[in-house]
Amino acid sequence: MVAGSSSDPISRPPHRILVSACLMGENVRYDGGNLFTDHPRIQTWRLEGRLVSVCPELAGGLPVPRPAAETRGGDGRAVLAGQARVIARDGTDVTSAFVEGAEAALKTAQERHCVMAILAAKSPSCGNRDIYDGSFSGRLVAGQGTAAAALTAAGIPVFNQHELEDAETYLRSLG
C-alpha cells in the first residue's frame, strides 16, 4: 500500500458531519442568538475537522433577526411536497426560503461528503423528531423540519444536540 493512496486508512479524511450553525455558537437563530453546545463530543469532532456548519434559514435568504416561524399543515416532508407552509409569527409565508435553505443544506452535505447531521431540535428547519405545530402556542408535534426532511430523504441520518451518544454510535458503525 502506498502512503497517501485512497486505500491508505491513515490518509483517509474523517467522516464529515453537517451541524447547525447555531449549535456552533453562531448567532443565526431567529432571535439573533445561538444554541452553543460545548459537549465534549462536539469539541472532539471539531478538533478532528469533521464539522461542516450550515444554517438553512440563512442559506434560504432569511435575515437575523427574523420573526419566529412554524410549519402549518404538516412537517418538513409535507413542505417539500408542496402540501404544507412555513409561516412567520407576523403572518408572512416564508415557505420558499425554507425550501431553498433545505436544498442548500443538502447540497452542502453532499458536496462536503457528510455522512450524518447534528441539527437543532424543534426547529422548523432542523428539527429531526418534533417541531412546533404552527399555532405559536409552544405545542410540539411529531415530525421533521424542512432541512432535516431533505437530508433524511437523501439518506443522511439526522440527530439533534440531545442525541450525541446515538450519533457517535452511528459514526463508529461506519468504520
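A polar contact is a pair of N or O atoms within 3.5 Å; within protein, one of them must be able to donate a hydrogen and the other to accept it, and residues adjacent in sequence count only if both atoms are side-chain atoms. The exercises below concern a predicted model, in which local features need pLDDT of at least 70 and side-chain atom pairs count only at pLDDT 80 or more, while totals for chains, interfaces and linings use all residues. Residues are numbered from 1 along each chain as its sequence is written, and side-chain values use heavy atoms, with hydrogens and water left out.

**Exercise 1. Surroundings of Glu57**

Determine whether Glu57 is buried or exposed, and find which side chain makes a polar contact with the side chain of Glu57.

Solution. Begin with the location: Glu57 belongs to helix α2 (residues 56-59), where helices (H or I, at least four residues) and strands (E, at least two) are DSSP runs numbered from the N terminus. Next, take the accessibility, for which buried means under 20% relative accessible area, exposed over 50% and partly exposed in between (1.4 Å probe, protein chains only). Glu57 has a relative accessibility of 11% and therefore counts as buried. Then look for the polar partner, which is the side chain of Arg66, at 2.8 Å. Finally, list the contacts (heavy atoms within 4.5 Å): leaving aside neighbours within four places in sequence, Glu57 touches Leu62, Arg66, Phe98, Ser123, Pro124 and Ser125.

**Exercise 2. The nonpolar cores**

State how many residues the largest nonpolar core has, and find which element gives the largest share of this core.

Solution. A nonpolar core is a set of buried Ala, Val, Leu, Ile, Met, Phe, Trp, Tyr and Cys residues joined through side-chain atoms within 4.5 Å. The largest one has 36 residues, and those with the most contacts inside it are Leu18, Trp45, Met116, Ile118 and Leu151. Two or more residues each come from β1, α1, β2 (51-54), α4, β5, α5 (146-153), β8 and α6, and the largest share, six residues, is that of β5. Another core, of eleven residues, lies apart from this one and includes Ala78, Val79, Val94 and Val99.

**Exercise 3. Helix α6 and the aromatic pair**

Find which residues of α6 are buried, and describe how the rings of Phe159 and Tyr170 are placed.

Solution. The buried residues of α6 are Leu164, Ala167, Glu168 and Leu171. Seen down the helix axis, these residues fall within an arc of 100°, so they line one face of α6; the arc is that of the directions from the helix axis to the C-beta atoms. They pack against β1, α1 (40-47), β5 and β8, whereas the face turned away from the buried side carries the exposed residues Thr169 and Ser173.

For the rings, note that those of Phe, Tyr and Trp (its six-membered ring) pair if their centres lie within 6.5 Å, and that planes under 30 degrees apart count as stacked, over 60 as edge-to-face and the rest as tilted. A search of the whole structure gives one aromatic pair. The ring centres of Phe159 and Tyr170 are 6.1 Å apart and their planes stand at 45°, so the pair is tilted. Phe159 lies in strand β8 and Tyr170 in helix α6 (residues 164-173), eleven residues apart. Phe159 is buried, at a relative accessible area of 9%, while Tyr170, at 26%, is partly exposed.

**Exercise 4. Backbone exceptions**

Solution. As background, most residues other than glycine have a negative phi, and most peptide bonds are trans.
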